[in-house]
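Good morning, and thank you for making time for this item.

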Amino acid sequence: MDENNELDHMDYHEENNAPVDETDKKLVRWQKINENDGPTPKPRHGHRAVVIRDLLVIFGGGNEGMIDELHVYNTETREWVVPQIRGEVPHPAAAFGAAAFGTKVYVFGGMVEYGKYSNDVYELTATRWEWRRMTTKIMGKDLPPAPRIGHSFVASEKNQKAYMFGGLCNDLNDNKRNIPRYMNDLYILDLSTAPNALVWSKPEIKGDQPTPRESHTAVLYENDRVSRMVIYGGMDGNRLGDVWYLDLNTLQWTEMKITDPRQGFPPMPRSLHTSVLIGTKMFVYGGWVPVMPTAPGEQQDKEWKCTSSLGCWDVEENRWVSLQQYDSEEPRGRSGHCAAAMGDRMYIWSGRDGYRKAWSNQVCCRDMWVLETKKPEQPAKVQLGRAGFSSLEVSWPPVRGANGYFLQIGFGDPKDASASPAKRGQVSPRKQPASATVQKEDEQQSGVTPSMISTQGTTYTTPAPSKPAIGEGGLPQDLFEDSEKNEGTSTSPKPSGDSQADVDSKKRESSSENAIPQTSDGDVKKEIGEERKKVEVKLENTDDDLPWFDVGIIKNASINVTHYFNARQQPLEKQLHDLVDTNGFKCINDANYTAEDKVALINGQTYRFRVSAINGLGKGAWSETASFKTCVPGYPSAPSSIRITKSQDGAQLTWEPPSNTNVSGKIIEYSVYLAVKSQTANPADSQLAFMRVYCGPHAECQVPQANLGTAYVDQTNKPAIIFRIAAKNEKGYGPATQVRWLQDQQKSMPPRSFPNVAPGYLYQHATPYLKKPRFEHH
């Protein structure tokens with residue numbers, strides 16, 4: 001039987017051993033990652049990958065001899081990096097165990113030479129890329145774990161322990177003579193004692209246990225109810241396809257036997273595959289499988305091949321889940337590759353693709369693939385960076401695993417009775433509204449005098465309170481978001497130096513800046529307030545009825561919006577399938593679109609925004625709607641070129657005055673606001689309060705350390721403190737510019753910028769390998 005026929009026969013067996021309910025299949029999709037910058041690692045097999053935040057750390061393996069290089073793949077930037085390594089670097093090894101534990105990586109065992117195995121434990125501190133050989137001791141009178149390869153090694157953050165199971169040992173541990181022995185022993189390594197000596201223990205096991213094996217996989221599944229290790233497959237002379245649970249609390253093994261068709265149909269038995277846990281599902285990929293299906297107990301391994309098949313075991317429902325792969329390219333079969341899960345994605349890299357008869361050698365792959373298992377999560381609300389007269393700079397926290405974003409714009413705010421051009425008698429929502437005329441008519445109808453404070457600078461990181469928080473000096477909250485909607489939901493800490501009497505005084509002095517100007521007729525104010533409430537109730541759920549227009553499908557999580565597509569263009573929703581298939585983007589800002597294709601934003605107009613994330617499986621849920629307003633002529637534009645530097649006393653902020661001062665006139669004062677921790681709001685509500693930390697005529701200020709101590713640290717992307725700065729002229733305040741001040745992350749996570757060596761340095765300056773037997777591990 002030739003190679004192609006063998007693989008076809010194998011795929012048929014896995015996909016057609018019984019009828020499958022098509023509606024019960026889970027859709028997944030492979031995508032090849034072609035855009036890789038930086039020094040790509042050499043192809044190999046028997047290496048390992050672990051995940052630390054958004055970094056994929058790959059170490060070891062073998063091809064022409066063992067490899068000790070460590071590479072880091074940044075999944076956000078799609079860049080390979082070679083950190084400058086320090087400390088006691090482990091011996092070049094393959095088929096070892098590796099597990100991430102916070103920002104540390106622990107490795108155990110592996111093949112250091114052909115036939116010579118290790119039982120050393122090494123620790124990598126990823127915050128400074130430093131290796132350390134750990135001192136270990138054994139609890140009680142038991143012997144420490146024997147040197148081995150092909151074992152499983154997983155770490156539990158919950159228990160602060162690592163669990164090692166099985167593997168293959170050489171009873172002679174001599175590279176010239178080899179007496180192999182499969183094992184099924186379980187050892188537990190207590191990681192809580194680091195940086196001192198780590199302690200091994202060999203616990204008493206309850207129940208029947210898995211048969212001795214190597215080249216199997218293990219994942220940990222933990223929640224508030226259960227804590228278990230899941231073992232799958234491996235090799236004991238034959239390929240295995242059994243699933244076992246180890247309860248980490250009782251240390252009892254349980255085999256998950258398939259006795260009911262509702263438990264699904266298992267994939268082919270295999271070894272040297274990979275398994276990762278995503279949610280409640282363990283995804284199994286690749287490895288060596290027997291070519292011909294056989295009955296239980298029969299000799300299986302007369303012939304075997306590398307496979308590209310996938311399996312999916314649901315750890316909660318204890319069943320094999322049928323998968324439907326998206327009609328797209330997929331990786332070729334391989335074994336000895338590495339895999340790691342990040343969010344809802346599984347990454348695989350390298351591995352060998354089996355025995356090529358024509359070449360009489362093993363061929364290692366040099367490609368990276370990602371398996372999409374879910375559509376992207378819902379993005380957070382769109383935020384405004386800066387408003388212009390005919391532009392709005394918007395952004396949103398990046399969504400992990402997103403290939404791009406679908407951004408739409410609409411007229412108005414559903415809370416505003418004059419929001420929709422359709423409701424205001426516009427002929428077509430694609431046309432620009434006659435803003436000045438309509439605004440004047442709306443004001444006359446409602447009896448509301450135009451606000452003296454421009455609200456076009458609204459920023460939307462999180463909702464802000466409506467009432468002026470303590471210490472805000474009376475600056476109206478309509479400078480920020482959803483002021484009336486969130487009335488009374490949160491308050492701000494009181495800044496140093498302001499008494500309650502001072503605050504009350506400032507509130508009285510700021511009456512000319514209120515969204516509803518002070519009048520002598522209190523009944524008029526009351527009537528206006530009641531009318532607004534009626535409008536809000538009426539329009540509370542009308543957001544879905546308002547029209548949306550396409551800005552584009554874009555790659556990055558930020559854009560300066562100046563136009564949107566007009567009715568001549570086909571809606572992007574109808575083009576989405578083709579764009580997803582080609583990983584393509586289409587945006588109104590592209591140079592090939594002319595004035596005939598788009599509609600420009602106009603000044604003084606409120607616009608709504610929503611965004612969804614896109615990956616290989618399509619579009620995720622839309623974000624919540626955010627509303628922003630372009631600048632109104634006569635008001636100052638937003639301050640720019642904001643610089644924040646750390647000082648001993650706090651933070652020094654400087655900025656450039658608004659660019660339109662030659663038109664809008666002299667700036668009277670600036671106000672700087674700091675997002676602070678809410679004292680009363682439930683943290684689960686994700687609501688922020690803002691405190692004014694500066695008000696004065698100068699384009700700079702010093703924020704004291706006492707104020708910074710009350711700051712809210714935004715964790716939606718990189719940890720940052722949020723400031724907002726607005727300028728005021730004779731008419732009032734213009735739009736606020738929002739800026740995120742990134743905070744030092746070294747104590748909590750690895751640095752994003754690694755000390756690099758020149759690309760290819762390790763390859764050019766490494767000590768040449770001595771001629772060694774090829775690393776062969778089946």
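This is a predicted model: local features need pLDDT of at least 70, side-chain atom pairs count only at pLDDT 80 or more; totals for chains, interfaces and linings use all residues.

R78 is not a glycine, and yet its phi is positive, at about 55°. A positive phi of about 55° also occurs at R53, again a residue that is not a glycine. R53 belongs to the loop between strand 2 (48-52) and strand 3 (55-59). With a relative accessible area of 40%, R53 is partly exposed.

A further backbone feature is the cis peptide bond between A194 and P195, where omega is about 10°. P195 sits in the loop between strand 16 and strand 17 (198-201). Strand 16 itself covers residues 180-190 and contains D190. Which residues does D190 touch, once its neighbours within four places in sequence are left aside? They are Q160, K161, L198 and V199. As for T136, it is 54 residues from D190 along the chain, and the two C-alpha atoms are separated by 9.8 Å.

Strand 18 (residues 217-222) runs antiparallel to strand 19 and is joined to it by 6 bridges. Within that pairing, E222 stands opposite S227. The two strands form a hairpin, with 4 residues between strand 18 and strand 19.

What joins strand 19 to strand 20? There are 7 bridges between them, strand 20 spanning residues 239-247, and the two run antiparallel. M229 has L246 of strand 20 as its bridge partner. Here too there is a hairpin, with 3 residues between strand 19 and strand 20, and G237 in the turn has a positive phi of about 110°.

Another hairpin is formed by strand 34 and strand 35, with 4 residues between them. Strand 34 (residues 383-387) and strand 35 (residues 392-395) are antiparallel and joined by 4 bridges. A387 stands opposite L392 of strand 35 in this arrangement.

Next, a single side chain in strand 47. S671 is located in that strand, which covers residues 669-676. Is S671 buried or exposed? S671 is buried, since its relative accessible area is 1% and the cut-off for burial is under 20%. The S671 side chain makes a polar contact with the side chain of R692 at 2.9 Å. It also makes a polar contact with the side chain of Y733, at 2.5 Å.

Let me move to helix 5, which covers residues 572-582. L572, Q575, L576, L579 and V580 are buried in this helix. Why do these residues fall on the same side of helix 5? They cover an arc of only 150° around the axis, which places them together on that side. As background, an α-helix has 3.6 residues a turn, so residues three or four places apart point the same way. On the other side of helix 5, K574, H577 and D578 are exposed. Just after the helix, N583 adopts a positive phi of about 55°.

My last topic is the aromatic residues. Across the whole structure, the search finds 26 aromatic pairs. One of them is W313 with W320, an edge-to-face pair with 5.2 Å from centre to centre and 65° between the planes. Both W313 and W320 are buried. Another pair, F406 with W622, is tilted, at 5.2 Å centre to centre with 50° between the planes. F406 lies in strand 36 (residues 404-411), whereas W622 lies in the loop between strand 43 (618-619) and strand 44 (626-629), so this pair ties together parts that are 216 residues apart in sequence. Both F406 and W622 are buried.

There is also an aromatic cluster, formed by F59, F96, Y122 and W131. Finally, two arginines lie over ring faces. R239 is over the face of W304, at 5.3 Å from the ring centre, and R608 is over the face of W548, at 4.1 Å from the ring centre.

That concludes my presentation, and I thank you for your attention.

Technical notes:
Residues are numbered from 1 along each chain as its sequence is written. Side-chain values use heavy atoms; hydrogens and water are left out. Rings of Phe, Tyr and Trp (its six-membered ring) pair if their centres lie within 6.5 Å; planes under 30 degrees apart count as stacked, over 60 as edge-to-face and the rest as tilted. Buried means under 20% relative accessible area, exposed over 50%, partly exposed in between (1.4 Å probe, protein chains only). A charge sits over a ring if NZ of Lys or CZ of Arg is within 6 Å of the ring centre and within 35 degrees of the ring normal. The arc is that of the directions from the helix axis to the C-beta atoms. Two strands pair if DSSP finds at least two bridges between them. A polar contact is a pair of N or O atoms within 3.5 Å; within protein, one must be able to donate a hydrogen and the other to accept it, and residues adjacent in sequence count only if both atoms are side-chain atoms. Contact means heavy atoms within 4.5 Å.
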